[in-house]
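Please consult the sequence and the model while reading.

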Amino acid sequence: MPKNEQHQQDHGPSVSKRRRRLLAHLGIFTAAGVALVTLGPSSTSAAPTVQEGRYLSGGNLNVPYVCEGADAGSINLMTAILPAGVVGPDVPAPGKFVLATTIITTDVTPAPSPGEDFVVNFTYNEVLPFVIVDAAFAVNPTLSVDANIAIAAVSGATGSGSFQGANTIDLGDGTQPVGFTVGPNPATFNRTAAIDEPISFKPGSFTSSSTTSVGPLNLVCNPQDSELLLTVSDQTGVAPVTTSTTLKPVVPTTAGPPATVNDTSTTALPRTGSGTSNLYLVLLALGLLDVGYLALTASNSPRSRRA
């Protein structure tokens with residue numbers, strides 16, 4: 001028998017065994033990969049449908065609105081009521097006044113998850129300054145106002161609310177500012193923020209109309225600070241019980257709130273991943289190294305290994 005044929009017979013079974021071993025390892029690794037994909041945790045189901053045991057906190061924001069006439073007749077009337085000679089915080093300019101407003105929202109239970117709709121109730125507590133009460137009381141002890149108020153989500157959610165309603169405001173004895181309430185008014189939003197990320201609402205302008213002895217009075221009011229936001233966030237536990245969100249009919253002269261935002265700090269739950277996610281990565285790396293080594297050794301001839 002020629003020497004090279006004998007050489008092939010001596011080493012043929014060894015090469016065949018290595019190739020079979022490589023194919024066997026490839027089959028086992030493929031089966032393990034399929035099992036990891038099908039049995040491993042799904043990344044698309046990380047967010048629960050409902051956040052059980054959690055709620056979206058209520059908010060509280062003080063917003064001074066600057067109000068002025070919305071048409072020529074109302075501008076002339078407001079300028080007559082609030083002339084240039086009047087000086088004080090209630091009159092930032094002739095024909096204008098500041099309407100101190102506190103916006104309060106209710107808690108949402110359970111807290112909505114990303115992609116879910118949720119309803120927020122907005123209550124507007126407003127304070128008519130004395131200069132307006134004094135002028136209105138000279139005509140009538142009550143003031144009927146029809147208002148249209150807007151607010152919109154600007155981060156963490158989409159949607160907006162527009163509230164319209166009539167109020168008859170009792171002016172008391174006409175000697176002090178008067179508080180009145182608009183709402184609560186529901187508005188529907190859709191959450192885009194991830195769990196534990198805040199949601200912010202931006203107060204919009206509102207209009208009001210009333211009838212006076214000298215004709216209709218139409219006002220438009222805009223936030224004095226256009227950057228103010230009402231921010232709410234997820235909380236763990238049971239939402240606190242709210243006893244009241246409305247003002248008394250008549251409030252003292254110190255009731256006008258400053259332009260500050262209440263504390264909206266949150267207590268966020270730690271984000272944790274699957275305890276087996278790192279194990280899957282380790283197994284995948286070891287399998288790749290094993291298959292690479294087998295492929296390398298199967299391609300080498302006995303002579304090259306001896307060399």
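This is a predicted model: local features need pLDDT of at least 70, side-chain atom pairs count only at pLDDT 80 or more; totals for chains, interfaces and linings use all residues.

Leaving aside residues up to four places away in sequence, N148 touches S162, F163, Q164, S205, F206 and T207.

- N148 belongs to strand β7, which spans residues 142-155.
- The side chains of N148 and S162 are joined by a polar contact of 3.1 Å.
- S205 is 57 residues from N148 along the chain, yet the C-alpha atoms of the two are separated by 8.7 Å.

**Strand pairing around β10**
- Strand β10 (residues 178-191) pairs with strand β6 (residues 117-128) in the antiparallel sense, over 11 bridges.
- Within this pairing, D117 has N190 in β10 as its bridge partner.
- Strand β8 (residues 157-158) also runs antiparallel to β10, and 2 bridges join them.
- Here the bridge partner of A157 is R191 in β10.

**Nonpolar core**
- The largest nonpolar core has 45 residues, and those with the most contacts inside it include F118, F122, F189 and F201.
- Not counting residues up to four places away in sequence, F201 touches residues including F118, F122, I151, F189 and L229.

- D196 lies in the loop between β10 and β11 (199-212).
- D196 is buried, because its relative accessible area of 16% falls under 20%.
- A polar contact of 2.9 Å links the side chain of D196 to the side chain of R54.

How values were computed: Residues are numbered from 1 along each chain as its sequence is written. Side-chain values use heavy atoms; hydrogens and water are left out. Two strands pair if DSSP finds at least two bridges between them. Helices (H or I, at least four residues) and strands (E, at least two) are DSSP runs, numbered from the N terminus. Buried means under 20% relative accessible area, exposed over 50%, partly exposed in between (1.4 Å probe, protein chains only). A polar contact is a pair of N or O atoms within 3.5 Å; within protein, one must be able to donate a hydrogen and the other to accept it, and residues adjacent in sequence count only if both atoms are side-chain atoms. A nonpolar core is a set of buried Ala, Val, Leu, Ile, Met, Phe, Trp, Tyr and Cys residues joined through side-chain atoms within 4.5 Å. Contact means heavy atoms within 4.5 Å.
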